[in-house]
Structures are given as C-alpha cells and as structure tokens.
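Hello,

I am handing over the structure below, with notes on what was found in it. Please read them alongside the model.

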Amino acid sequence: MQHSGGGNNIPQDEVYAWLKAHSDKWWTQKEIAASMGVEHVTRVLAVLRRWGEVEWKRDGKGTYWYKYKPEKEQVRELL
C-alpha cells in the first residue's frame, strides 16, 4: 500500500503498518496516535476506512474503534 498524506503528515502506510503490528485488539484513534507519538491520526484513519483498508466499529458513545484488516490475499489463503 502506498498512500500518502494525512494528519500530522503521517503516511497512511505507517498507520496501516502500526495496526498490522498491533492486530491483537481494537484501538481508538487516540490510543493509536499516542502510541505512534503524534497528535492525531483522524484523517488517515478516515481515508483507510473509506478505502476499506481497516476494520472499524462505532460504540454507543460515538467512539470509533479500529483494527487491522487482513489483506484480501491473506483472507483467500485462510479459506
């Protein structure tokens, strides 16, 4: 994946790689940003969400949660 741009000039591929490396649980955007040492990753996550590159859900409080979504090739290998 070679996408560019986003909040704090952090590339989407860096956020995607971080999610892949931490794929054991769901994360809020604040947790992701804090762990990556940036102020926010809101725009990056919105783009990844729009492109279907990450799994996401919204809880009853309006908080978005994100998780690594296996690449299509990996999903096919699991079937």
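What order do the three strands of the open sheet have? The order is S1-S3-S2, and the pairing is antiparallel. Strands pair if DSSP finds at least two bridges between them; strands (E, at least two residues) and helices (H or I, at least four residues) are DSSP runs, numbered from the N terminus.

This is a predicted model, in which local features need pLDDT of at least 70 and side-chain atom pairs count only at pLDDT 80 or more, while totals for chains, interfaces and linings use all residues. Residues are numbered from 1 along each chain as its sequence is written, and side-chain values use heavy atoms, leaving out hydrogens and water.

At the edges of the sheet are S1 (27-28) and S2 (54-58), each pairing on one side only. S1 is joined to S3 (residues 64-68) by two bridges, and tryptophan 27 stands opposite tyrosine 66 in S3.

The axes (lines fitted to C-alpha atoms, for helices over the stretch in contact, with angles from 0 to 180 degrees between N-to-C directions) of H1 (residues 12-21) and H3 (residues 42-50) come within 10 Å and cross at roughly 80°. H1 and H3 are therefore roughly perpendicular (65 to 115 degrees). Gln12, Val15, Tyr16 and Leu19 of H1 make the contact (heavy atoms within 4.5 Å) with Val44, Leu45, Val47 and Leu48 of H3.

On confidence, the protein chain averages a pLDDT (the predictor's confidence in each residue, from 0 to 100) of 84, and 78% of the residues score at least 70. S1 has the highest mean, 98, and H4 (residues 72-78) the lowest, 52.

Regards

Conventions: Angles under 35 degrees count as roughly parallel, over 145 as roughly antiparallel, 65 to 115 as roughly perpendicular and the rest as oblique.
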